[in-house]
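Please look over the notes below with the sequence and structure open beside them. They are set out as numbered points.

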Amino acid sequence: MPSLRVRGMQPALLSLRNINVVFKGRGGTVSAVRDVSLDITPGEIVSVVGESGSGKTTLGRVAALLQRPTSGSVLYKGLDTERIPERDLKRIKIRLQYVYQDPYSSLNPVKSVYETLAVVIRTHRKGIPESEVKRLVLDLLERVGLTPPEYFLNKYPHHLSGGMRQRLNIARALIPDPELMVADEPVSMIDPSMKVSVLDLLKDLNATSGVSLLYITHELGTIRYLAPTSKLLVMLRGLVVEEGVAEEVMRKPLHPYSLALIVFGSAFEPKLKSMRDLFVKHAEYRGTPSAGCPFAARCPWAREKCFRERPPSVEYAGRKIACHFPGEVEQYW
Amino acid sequence: MSSGREILRADDIVADYVVREGLIRAADHVTLAVLENEVLGLVGESGSGKTTLIQAVTRVGPYNMKVKGRVLFEGKNLLEMEEKEIRRIRGRLIAQVFQAAQNSLNPFIRVWDHFLETFRSHYPDVSEEEVRERAVELLSRVGLDEQVLGMYPHQLSGGMKQRVVIALALLLDPRLVFLDEPVSALDLLTQKQVLRYLLELKRSGKTTMVYVTHDIESLFELADRLAILYAGVLVEEGGTSDVVKEPLHPYTQGLMQSLMTVDIDVSKVRSIPGSPPSLLLHLKPKGCPFVDRCPHAASKCRDVRPELREAERGRKVACHLYG
């Protein structure tokens, strides 16, 4: 396990150990996260890619201490968060901030930009004089690139584009000086021409203030832009099917699902056409096998064993892979 | 392949929304033709007016939307037609598939009843056998089995529902199908699968489609031509590979540079600075709508709106850089 010791000096800011999250509903139970372990060191960017239903958001909520795992433990700087007294835990939670996907519904439409930020500042710093609040607000707006800041003070969310709203959300998350920001699809609802600049902002904040990022997305290409050297988790149906350094996984995927994400996340390479056809041919929905590999029904290389047995996560070529035939895709790529 | 015959022509379309602050001009003098048997990709970011444009053309916009201009379809102006007359065209000659169309299926009735109801609303006397035959054929064209007819929507996956909706849209053999972000609500693999079926429909050579999306890269394979909208203005129009390989308008150039697919050179990725202008008529730039974000902006761009003009054969651009 690549735990705190392997990384040498840096103890993990947050360690998730064998996390399981099970939701109970009318139609039975859903395992949203299945046996996922993950370390985030201070200043590190960790990326998670997956489609809807992969459990990536639930994992992000566990990391931000917004969701209690059904089993497994969350360690904050080596301490089990279940054993940290409530008062201290509250202080820790404040510094684990969550930036939501939808910049349209995560802002109060009747609050101005100034009020949106001022309310949070006043909450965190009781008794702070109003002149100081204003100075902090201007400073925050400057930091997230809403400039000139004076221009934005009295604007309301409906005056702002999606990109600007997401900057405001990020500014709000910066107020408690966070140690970790969970950025859950922060650019997926933002127009293409403005996505890049929001990712630049996150990159910049990580570099200058050392805030750790847990970047969650369904668009692999954005990880290549934001954090090519980051640790990448590829999730499917609650399981991590491949884990490795982002650019290495993208250069040489070892799990068929990672390969599928790369093939479909590419648009310019004409050579990939036959590969796309292969996956599309196998994409017909045939239910989700409950026992075997979650990708078996859509995997062009699935064999009988894949439908029967869940592949365990094993170390393979410096990665962690959950596939019965790891590396078989190598000959196709 | 397209015959080059115009199947629909929108002429100088202006669509305004009446709001408290004034008028929002979401389609700003758009002129655009759809050619027979082609797939035309209508590309724009949020607020670019792409949905407004197709709503204006088919007259399904909200009550506060005012439309001016002319829409020629089969020699008639759709905008001057009686409501009764256009209702006979919508669904039969012009079909539409909306974003999250899977929600447009009625959860209480089987897929079969959707087909029967749709057919009978235009042809009350049609026999069940005839509808069934047609439904089975269409379902097979989108890769679905006959069994689907006996199912309720909740028994289908998102991709299957979307394909049912596409099959339904094709039921009455429309001349023209509008698809508004038909796959954005689906998973990646499912998206590509639905796109693949649309590609096959196109290859069968009998369907004219207008495909509306903000994802230009999803159209590289499917669309024959692209029309790029920015702030309600049609800024560029041309063959897909031309527009993708050598975009003419500075906005299209910026858009192509901001794509973050897995196979791009990340060192060349750039954001377009700033954000789109307000669409409120009194705030919208008098000249080119892209002027505030354009690296080539000159004083003329601020004062004079560039007209959409032919730059090369089959390519049009609305920019002062091109004469």
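1. For chain A, the domain assignment lists domain 1 (96–175) and domain 2 (254–333); such bounds come from an automatic or database domain assignment. The C-alpha centres of domain 1 of chain A and domain 2 of chain A are 43 Å apart.

2. On the source: this is a predicted model, in which local features need pLDDT of at least 70 and side-chain atom pairs count only at pLDDT 80 or more, while totals for chains, interfaces and linings use all residues. Residues are numbered from 1 along each chain as its sequence is written, and chains are lettered from A and ligands numbered from 1 in the order in which they are written.

3. Chain A contains 12 helices and 12 strands (DSSP runs numbered from the N terminus: H or I of at least four residues for helices, E of at least two for strands). Its radius of gyration is 21 Å, close to the 20 Å that the globule rule gives for 333 residues, so chain A is as compact as a globular protein of that length. The radius is taken over C-alpha atoms, and the rule is 2.2 Å times the number of residues to the power 0.38. The C-alpha trace of chain A spans about 70 × 50 × 45 Å along its principal axes.

4. Of the 333 residues in chain A, 47% count as buried, that is, with 20 or more other C-beta atoms within 10 Å of their own, the C-beta atoms being placed from the backbone.

5. The contact between the chains takes 38 residues from chain A and 32 residues from chain B; two residues are in contact if their C-beta atoms, placed from the backbone, lie within 7 Å. On the chain A side, the elements giving two or more residues include α6 (162–174), α7 (192–209) and α10 (256–264). The largest share, 7 residues, comes from α7(A).

6. In chain B, 8 strands form an open sheet with mixed pairing, in the order β6-β7-β8-β3-β9-β10-β12-β11. Strands pair if DSSP finds at least two bridges between them. The edge strands of chain B, β6 (94–97) and β11 (309–312), each pair on one side only.

7. Within chain B, β9 (residues 225–230) and β10 (residues 233–239) run antiparallel and are joined by 6 bridges. Y230(B), for example, stands opposite V233(B) in β10(B).

Note on methods: Buried ≥ 20, exposed ≤ 12 C-beta atoms within 10 Å, placed from the backbone.
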